[in-house]
Amino acid sequence: MKPQTSLMRKSHFLGTKIRNLRKRNHLTMEDLSARCVRIDAESAPSVSYLSMIERGKRVPSSGMLEVIAAVFQKEVSWFLDDVPEEQAITPLKGSRGGISGMALEPSFLFSNEILQIAIPEMLSQTGISGRQFAHLLIRAHQEHHQNHFPDLERAADEIGQKRLPLSLEELLEIINRLGLKISWFTKAPKAIYQEAGVSAEHLITSYFELPNHIYLNKLLEKHNNRLKYDLAVHIGHCVLHNKDGLKSIMVAGRSHGTSLGDESVQPSHSGSVDPQDILHAWRDFESSFFAGALLCPKVPFRQLLDSHGYEIDVASKIGVSPSVAMRRMTAVSPYKHWHYFDAYSPGKLKAVYRGNGIPLPWGNMRQVEDPCQHWAVFRMLGDQSKGSSAQISILDVAKEPKIYCCESIRVKDLAGNPHVLCAGIDLNPAIEAQGGDADAIARELKQVCVGCDGSAPLPLGIKQDLKRVARILNINWVERGIENQARLICARGASCPRSPSCYANGQCAG
């Protein structure tokens, strides 16, 4: 019994290591069990027992672990806690976006019971509200699936019949068909502001009340694109959630908003995790995604983007806002490695999507004092010029440089506040798909920029390589970015790659 007891004390990472190693070698549990049988049939784990080992429910005997180690050509000691290699215990993310995951080990500390106690305590101590936590969960889900929600796409296609453009008159016909009524207001009731948790400096654009009433701000009469979006969101709530009675309050304003690009809010103000907060936030996300799919149906919108080289001004051709068009780019493009930001001064990210895993500049739960002003989305906040701006950026990710390209545009919200929308892609997978060495190109471009105070024209060879990639992707603004100077950017001031650092005097030198 003593050796087995000793093994139990050293096996907290064992299940995770076996699972990740199996997946990295593209083996099913049936494959691994069969391999073990060929080595030693008596000590080999069955598929069901192997499943329990991977989930931390069972600890293999010393003999069984030796068989598993032999399959993977590893020392037995590698599987135990004394060798906690980061790659061995980090969940395999593949090509999905968002930040890298972490292993929930030792598993006994990550039981449902312990997490249900620890998460509210963590949120309380860090000042993160239940609503913010809900949006983090949903954003992780969105990024994990890289904006692929076929059930929502199908629901929107059924309602809108894949019409592009979808006119205001056609939206009103849908509203009428669903039995919804519309009323107009000049200022929302005080109770609506209180339920939304916003101040009078924000603008309530619309809200829904049972049994079938949509209330619209009269300002929307002069903003057709925003009116169509609000109506599409309310249609989504009706179709997806059967008029469940949520207020579905839509807000415009610089300091308010979720992390998902959905400007619908709910009345909870609790700093604890209320399951209803999670549910309401998810329903708002679904309705927002539905709205985009209704106004920009996947197949015809992809064809439109393809025929116009993914130019942002396609939004004006189909009567939607640039925000809706840019967010839909990330969902309908056959290339999956996108990000989308919506930034307000002095450094607030109102909307975030990272299907390409790009690190956040500093987060959207708070602002920090050392923002990197070389990010296009923040550099343009103070730029009064009109039009868009394409930029090639080099950013260290896991200590290795990566190449990104983005297109940014400065707009105003309905409350008159300027903000910057940014859609971008990770160029590295596209380079590698064409047989290029993305890592080598990124390192070379970084060195060129470091030698030129952080910004430099692209060398001719790299420019030609990236132009080929841009034309295969058929994204016009990538080609425009190639003609501009490439810029070094950083996610945190402490990791500024420029020499000298922008933060040498405690302030980023934008």
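Author: Of the 510 residues of the protein, 51% count as buried. The model is a predicted one. It contains 21 helices and twelve strands, and its accessible surface comes to about 23200 Å², of which 52% belongs to carbon and sulfur atoms. Among contacts between residues at least 6 apart in sequence, 66% join residues at least 24 apart.

Which residues of α19 are buried? They are A438, I441, A442, L445, K446 and C449. Seen down the axis of α19, these buried residues fall within an arc of 135 degrees, so they line one face of the helix. The general rule behind such a pattern is that an α-helix has 3.6 residues a turn, so residues three or four places apart point the same way.

Helix α3, residues 29-39, may be read in the same manner. Its buried residues are L32, S33 and C36. They cover an arc of only 100 degrees around the axis, which puts them on the same side of α3. As for what they meet, the buried residues of α3 pack against α2 (14-24), α4 (47-54) and α5 (62-71).

H234 lies in helix α12, residues 224-241. With a relative accessible area of 2%, H234 is buried. Apart from neighbours within four places in sequence, H234 is in contact with S206, Y207, F208, I214, S248 and M250. D277 belongs to helix α13, residues 275-295. D277 has a relative accessible area of 5% and is therefore buried, the limit being under 20%. D277 and Q132 are 145 residues apart in sequence, yet their C-alpha atoms are 9.3 Å apart in space.

Strand β7, residues 348-354, is mostly covered, for seven of its seven residues are buried. Strand β6, residues 338-344, runs antiparallel to β7, and six bridges join the two. One of the paired positions is Y340, whose bridge partner in β7 is Y353. The link from β6 to β7 is a hairpin of three residues.

Finally, there are the cysteines. How many disulfides are there? The count comes to zero, where a disulfide requires two cysteine sulfur atoms within 2.5 Å. C372 is in no disulfide, and the nearest cysteine sulfur, that of C490, is 3.9 Å away. C490 is likewise in no disulfide, its nearest cysteine sulfur being that of C372 at 3.9 Å. Is each of these cysteines buried or exposed? C372 counts as buried at 3% relative accessibility, and C490 is buried with a relative accessible area of 2%.

How values were computed:
Residues numbered from 1 in each chain as written. Predicted model: local features only at pLDDT ≥ 70, side-chain atom pairs only at ≥ 80, totals over all residues. Heavy atoms only, no water. Buried < 20%, exposed > 50% of the residue type's maximum accessible area, 1.4 Å probe, protein only. Helix = DSSP H or I, 4+ residues; strand = E, 2+ residues; numbered from the N terminus. Arc of directions from axis to C-beta. Contact = heavy atoms within 4.5 Å. Areas by Shrake-Rupley, 256 points an atom, 1.4 Å probe, with all protein chains shown as cover. Pairing = 2+ DSSP bridges.
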